[in-house]
Amino acid sequence: TAACKQAMEKSRPLWDNPLQFVFACISYAVGLGNVWRFPYLCQMYGGGGFLIPYFIMLIAEGMPLLYLELAVGQRMRKGSIGAWKIISPYLCGVGVASVVVSFFLSMYYNVINAWAFWYLFHSFQDPLPWATCPLNSNRTGYEEECETTSSTQYFWYRQTLNISPSLEASGGVQWEQALCLTLAWLVVYLCILRGTESTGKVVYVTASLPYCVLIVYLIRGLTLHGAVNGLIYMFTPKLEQLSNPKAWISAATQIFFSLGLGFGSLIAFASYNEPSNNCERHAIIVSLINSATSIFASIVTFSIYGFKATFNYESCLNRVILLLMNTFDLEEGSLTADNLSEMKDYLMATHPQEYAHLSPQLKNCSLEAELDTAVQGTGLAFIVYSEAIKNMEVPQLYSVLYFIMLLMLGIGSMLGNTAAILTPLTDSRTIATRFSKEVISGAVCFINCVIGLIFTMEAGSYWFDIFNDYAATLSLLLIVLVETIAVCYIYGIRRFEKDLYTMTGRKPNWYWKLMWAFASPLLIISLFIFYLSDYILTGTLQYQAWDATQGQLVTKDYPGYALAMIGLLVASSTTCIPLGALVTFIRKRLKRESVSTTA
């Protein structure tokens with residue numbers, strides 16, 4: 001009855017104020033992707049020129065879909081499963097698919113927080129453990145693997161991951177990483193212990209602290225030698241990239257995933273809003289803050305990129321100069337970076353045999369090549385940044401600040417991921433009446449932690465890449481496509497418009513309705529076709545394995561069981577949508593038959 005529904009709405013816990021809700025959305029949406037993927041895309045697709053397709057996709061896709069999810073959650077007052085079930089019983093599978101994807105994401109995403117804890121604990125050492133190569137067992141030289149690569153890569157691949165040479169060599173669980181993962185899940189559990197009561201307090205910290213650290217890094221980054229080179233590289237637009245379809249696809253994908261659409265987290269957060277909350281304004285605010293953070297983080301990242309590239313470039317020049325001076329017995333100061341090219345030509349003309357013999361050892365030092373080295377994901381977060389940090393003054397301080405920032409970003413995202421799982425569970429009367437919130441939260445965290453131990457094995461990094469690449473991409477595109485079609489063409493856009501007017505006293509203008517009904521679905525279909533064709537054209541799926549003898553990553557084919565796992569990850573979430581509709585149809589059919597038989 002209406003009275004029962006009103007009582008349920010009153011009993012539902014709410015955010016203390018609209019600002020708390022905004023902080024929760026920012027804490028969830030502004031995550032590691034803003035720090036380690038957006039700068040990579042700028043680097044790959046035209047520097048400042050990439051901002052053109054990025055902002056077009058923000059207007060055409062990001063803000064409209066975010067507004068839609070917030071409005072659905074606020075109107076239906078349920079988690080993802082309950083909300084879509086109210087819109088249509090046949091759409092219950094959409095919510096289930098969102099929960100499944102969020103469960104997969106939670107399983108592997110918290111491993112990043114475990115790695116951040118590991119680096120944070122080692123950041124208090126002087127010198128930093130990744131600053132130099134460790135001595136070998138005989139203490140007569142450095143570890144051979146470290147000498148073939150770099151100290152930062154050695155610390156990451158050998159001392160952190162203890163990575164196996166291939167996916168087939170799974171190895172055992174690394175107890176240090178397992179303890180860090182347990183700690184990461186314990187922190188998450190304490191943050192979500194009492195639902196919005198505890199989460200609402202934590203989001204103020206997880207949303208604001210990363211900005212404080214980024215400001216500190218911005219000030220430090222801009223004062224670093226060579227920072228200007230990185231910023232010039234970033235803001236110099238390469239407009240020819242605008243004709244590259246992948247630049248537009250990447251911009252749309254970045255907007256889509258950085259806002260966290262389709263996971264059910266935004267619907268869960270919005271369900272705890274006051275019904276009269278202005279979700280349109282909040283959708284615009286969160287979208288713009290998310291995009292501004294990406295640009296802000298890119299300025300910080302490229303200033304550090306410029307410092308690292310300049311440092312490597314000048315180190316390369318100094319090694320070449322020292323080698324030439326020692327070989328040809330040149331006077332001190334006669335060979336500098338300014339006259340290096342002319343001196344090379346002179347030595348090659350006057351000492352052709354000696355120069356030819358020395359030539360393989362002479363590297364071609366290039367600042368542009370250093371800046372062009374594109375790195376994203378864990379490579380940027382744990383290798384490039386740590387390499388730059390070790391060359392700063394007081395590296396321990398900047399290391400602690402950086403990895404605390406990573407933890408805040410990671411924990412903030414985890415609060416949203418777990419909310420997407422817990423809200424539908426606590427909405428279920430069967431579960432909520434038998435178990436307390438603390439028990440349900442504890443069970444979810446415990447199950448995820450136990451399964452997550454897979455990622456702490458020697459081959460765990462390869463499994464992490466599988467989940468990161470395939471657990472969500474196609475599934476989320478399908479989920480959000482069905483969501484948009486469901487609201488516009490099943491529930492009805494006019495009916496949805498009336499709901500928004502009832503809640504906020506304002507009807508959505510033509511822009512929102514045009515994006516929901518036409519532009520956003522077409523964009524999502526284009527993305528879906530692109531990714532599907534990309535997977536098909538790629539042929540045999542491959543992964544990057546660490547070769548300790550070469551000190552670099554090598555490409556290998558996925559084994560059969562890994563391909564089966566990839567198929568299972570994609571199918572387990574996408575099939576929820578048709579299966580949910582089929583089960584609902586069968587139930588209704590059986591119920592109709594039983595009623596007719598009784599009559």
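Predicted model: local features only at pLDDT ≥ 70, side-chain atom pairs only at ≥ 80, totals over all residues.
The expected span of a helix is 1.5 Å times one less than its number of residues.

Helix α24 covers residues 473-504. Straight, its 32 residues would span 46 Å. The end C-alpha atoms of α24 are only 33 Å apart.

**A helix pair**

Helix α13 (residues 245-258) packs against helix α25 (residues 510-538). The two axes lie 11 Å apart, at an angle of about 115 degrees. Angles of 65 to 115 degrees count as roughly perpendicular, so α13 and α25 fall in that class. The crossing of α13 past α25 is left-handed. On the α13 side, Lys246, Ile249, Ala252 and Thr253 make the contact. Leu527, Phe530 and Tyr531 meet them from α25. By type, the residues of this contact are five nonpolar, one polar and one charged.

**Backbone geometry**

Most residues other than glycine have a negative phi, and most peptide bonds are trans. The loop between α7 (92-122) and α8 (144-148) holds Pro127. A cis peptide bond joins Pro127 to Asp126. Arg139 is found in the loop between α7 and α8. Arg139 is not a glycine, yet its phi is positive.

| Site | Backbone angle |
|---|---|
| Asp126 and Pro127 | omega about 0 degrees |
| Arg139 | phi about 60 degrees |

Methods:
Residues numbered from 1 in each chain as written. Heavy atoms only, no water. Helix = DSSP H or I, 4+ residues; strand = E, 2+ residues; numbered from the N terminus. Axes fitted to C-alpha atoms, helices over the stretch in contact; angles between N-to-C directions. Parallel < 35°, antiparallel > 145°, perpendicular 65-115°, else oblique. Left-handed = near helix turned anticlockwise from the far one by under 90°. Contact = heavy atoms within 4.5 Å. Nonpolar A, V, L, I, M, F, W, Y, C, P; charged D, E, K, R; others polar.
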